[in-house]
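Keep the structure open beside the text as you read.

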Amino acid sequence: MPFTYEDVGATRDGRCPPGFHPLHVRTRIGEGHEVFKTASQAVMTWEVHRAAGVTITTDAAEAAPGVDVTVGLGPLIKAPCRVVWTLDEPRRVGWAYGTLPGHPESGEESFVVDRTGDGTVWLTVTAFSRPAKWYTRAGGPATRGLQHAYARRCGAVLRRMCAEFDEA
């Protein structure tokens, strides 16, 4: 299946193509190597998403380019995606997926855990999207508000998952 947008991979550079709505949410997770390791694993294995309350359907144990994923929002909304890039560096780990036909939105979303020089660990969710279904168009700003709330929820959930390892 083809992606539902043209600028595949744009979240890697933090770009938002014309005609899309940007999203950028950065959440402090904690401090230290163990927090970084735990947060990275939770993001790469879909664990943070499941803990945040969505269903993840995929045959892959962790995110990798080309892996297809369906995100379920309740019993009615199924959002097919494909991982477009991953990142595995000493201080940055993450991935992005892009929307496939049938997704209520068109665009891309990335989830990156990074550890700054002072040891602070952050989750950054970056996305660009625009409505692809009548109900997301009808939702207008409320739909974008839900996307922001989900990004903040991922950060809060990840912070709780890593709390026992926080060196702060």
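## The main pocket

Sorted by class, the residues lining the largest pocket are 15 nonpolar, nine polar and three charged. For that sorting, Ala, Val, Leu, Ile, Met, Phe, Trp, Tyr, Cys and Pro are nonpolar, Asp, Glu, Lys and Arg are charged, and the others, Gly among them, are polar. The lining has 27 residues, with L73, H103, E105, E109 and Q147 lying nearest the centre of the pocket. Strand 3, strand 4, strand 5, strand 6 (105-115), strand 7 (120-131) and helix 3 (134-162) are the elements that each give two or more residues to this lining. Helix 3 supplies the largest share, eight residues. The volume comes to about 590 Å³.

A few words on terms. A pocket here is an open set of points on a 1 Å grid over the protein atoms alone, where a 1.4 Å probe fits and protein lies on both sides within 12 Å along at least five of seven lines; lining residues have an atom within 4 Å of a point. Points are joined across faces, edges and corners, and the volume is the space filled by probe spheres set on them. Helices (H or I, at least four residues) and strands (E, at least two) are DSSP runs, numbered from the N terminus.

## What kind of model this is

This is a predicted model, where local features need pLDDT of at least 70, side-chain atom pairs count only at pLDDT 80 or more, and totals for chains, interfaces and linings use all residues. Residues are numbered from 1 along each chain as its sequence is written, and side-chain values use heavy atoms, with hydrogens and water left out.

Strands count as paired if DSSP finds at least two bridges between them. Strand 3 (residues 68-73) runs antiparallel to strand 4 (residues 77-88), and six bridges join them. Look for D68 sitting opposite R82 of strand 4. The hairpin these two strands make has three residues between the strands, and in it G74 takes a positive phi near 70°.

Strand 4 also runs antiparallel to strand 5 (residues 92-99), this time with seven bridges. V83 has Y97 of strand 5 as its bridge partner. Here too there's a hairpin, with three residues between strand 4 and strand 5.

T99 belongs to strand 5. Is T99 buried or exposed? T99 counts as buried because its relative accessible area is 5%, with buried meaning under 20%, exposed over 50% and partly exposed in between (1.4 Å probe, protein chains only).

The T99 side chain makes a polar contact with the side chain of T4, at 2.4 Å. A polar atom of the T99 side chain also lies 2.9 Å from the backbone nitrogen of G107. Polar contacts are pairs of N or O atoms within 3.5 Å; within protein, one must be able to donate a hydrogen and the other to accept it, and residues adjacent in sequence count only if both atoms are side-chain atoms. Setting aside residues up to four places away in sequence, T99 touches F3, T4, Y5, P80, C81, E105, S106 and G107, where contact means heavy atoms within 4.5 Å.

## Strand 7 and its partners

Strand 7 is mostly covered, with nine of its 12 residues buried. Strand 1 (residues 21-31) pairs with strand 7 in the antiparallel sense over 10 bridges, and P22 has F128 of strand 7 as its bridge partner. Strand 6 is joined to strand 7 by 11 bridges, again antiparallel, with V112 opposite T124. The strand 6 and strand 7 hairpin has four residues between the strands, and G119 takes a positive phi near 95° there.

T126 is in strand 7 and counts as buried because its relative accessibility is 13%. Beyond neighbours within four places in sequence, T126 is in contact with T11, G14, L23, H24, E108, E109 and S110.

R160 sits in helix 3 and counts as exposed because its relative accessible area is 56%. K37 is in helix 1 (residues 33-44) and is partly exposed, at 44% relative accessibility.
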